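Open the model in your viewer and keep the selection tool at hand. Each stop below says what to pick and what is there.

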Amino acid sequence: MSDHEQQPTPRRAKILDALTRAERKVFTRPAPKSAKAQVKFLLTRAKGSTKALAERLGVSRRTVERYRAGTLTTPQKRLQAALVEETESEWQPQVKAQAREQASTSSGMMVEVTAYFGFTCTGSSDDGRIRTITTPISPTYARQILDLQEAGATEEDLHPIVAEAITKSYFTEWGTRADGLRADFTHVQAIEFLF
């Protein structure tokens with residue numbers, strides 16, 4: 001690659017992060033906070049294997065054993081972040097599954113997004129601009145979004161379906177106005193989902 005060529009800037013996983021935060025908001029009990037409690041919880045998920053947990057966290061077996069015993073109590077930033085992430089990803093799977101199922105079948109989700117919205121439509125006089133939009137997403141779109149997330153979709157895979165869901169709900173009001181309008185959003189500044 002020459003000095004004049006540039007790699008495209010990677011897009012931060014804002015949609016994926018927002019979906020993860022939404023799932024964690026449905027917890028009925030707080031996740032373990034101390035390193036010792038987090039390690040003990042994660043060991044139950046790893047069927048007691050300190051080796052498996054050590055590999056998952058990127059530390060030695062001895063480090064896992066020390067946190068389990070309580071001889072180490074304050075992890076370094078990288079380990080602390082890994083403990084929080086792994087604990088919250090495993091915490092209350094049935095509660096998260098119920099919330100996802102309800103969003104996919106009956107209640108849908110709410111989305112609040114601040115982004116640049118541009119439009120494609122014959123006769124449109126509305127130029128694209130930064131907007132903050134809060135709108136419900138139907139169960140049909142919620143299911144598509146959640147299924148894609150579960151299948152390991154990338155941010156680029158989710159972007160068009162979220163844009164379509166917002167277009168249908170907010171801009172065309174489920175086909176009652178602005179027939180043929182297609183909105184796309186770029187430069188996402190903030191996005192939140194709520195089950």
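Start by selecting A35, K36, V39, K40 and L43 in α2, then V64, Y67, R68 and A69 in α4; these two sets meet in this predicted model. By class, this contact has six nonpolar residues, three charged residues and no polar ones.

Helix α4 covers residues 61-69, and its axis lies 7 Å from that of α2. The two pack at an angle of about 115 degrees. The crossing of α2 past α4 is left-handed.

**Next stop: the other partner of α2**

To see the contact, pick V39, L42 and L43 on α2. On the α3 side, pick T50, L53 and R56. By class, the contact of α2 with α3 has four nonpolar residues, one polar and one charged.

**Zoom in on V39**

V39 sits in helix α2. Is V39 buried or exposed? V39 counts as buried because its relative accessibility is 2%, and the cut-off for buried is under 20%.

What is V39 in contact with, leaving aside its neighbours within four places in sequence? Select L53, V64, Y67, R68 and L83. L53 belongs to the α3 side of the contact with α2, while V64, Y67 and R68 belong to α4.

Then draw a distance from V39 to T50, C-alpha to C-alpha. The value is 9.4 Å, across 11 residues of sequence.

**Zoom out to the whole chain**

Show the protein chain as a cartoon. There are eight helices and three strands. Follow the chain along its sequence and the pattern reads α-α-α-α-α-α-β-β-α-α-β.

Switch to a surface view. The accessible surface comes to about 11700 Å², and 49% of that belongs to carbon and sulfur atoms. Of the 195 residues, 39% count as buried.

Turn to contacts along the chain. Among those with a separation of 6 or more, 68% join residues 24 or more positions apart.

**Last stop: colour by confidence**

The chain averages a pLDDT of 87, and 88% of the residues score at least 70. Now select residues 1-10. Over this stretch the pLDDT is below 50. Beyond near neighbours in sequence, residues 1-10 have one contact in the model.

Terms used
Residues numbered from 1 in each chain as written. Predicted model: local features only at pLDDT ≥ 70, side-chain atom pairs only at ≥ 80, totals over all residues. Heavy atoms only, no water. Contact = heavy atoms within 4.5 Å. Helix = DSSP H or I, 4+ residues; strand = E, 2+ residues; numbered from the N terminus. Nonpolar A, V, L, I, M, F, W, Y, C, P; charged D, E, K, R; others polar. pLDDT = per-residue confidence, 0-100. Buried < 20%, exposed > 50% of the residue type's maximum accessible area, 1.4 Å probe, protein only. Areas by Shrake-Rupley, 256 points an atom, 1.4 Å probe, with all protein chains shown as cover. Axes fitted to C-alpha atoms, helices over the stretch in contact; angles between N-to-C directions. Left-handed = near helix turned anticlockwise from the far one by under 90°.
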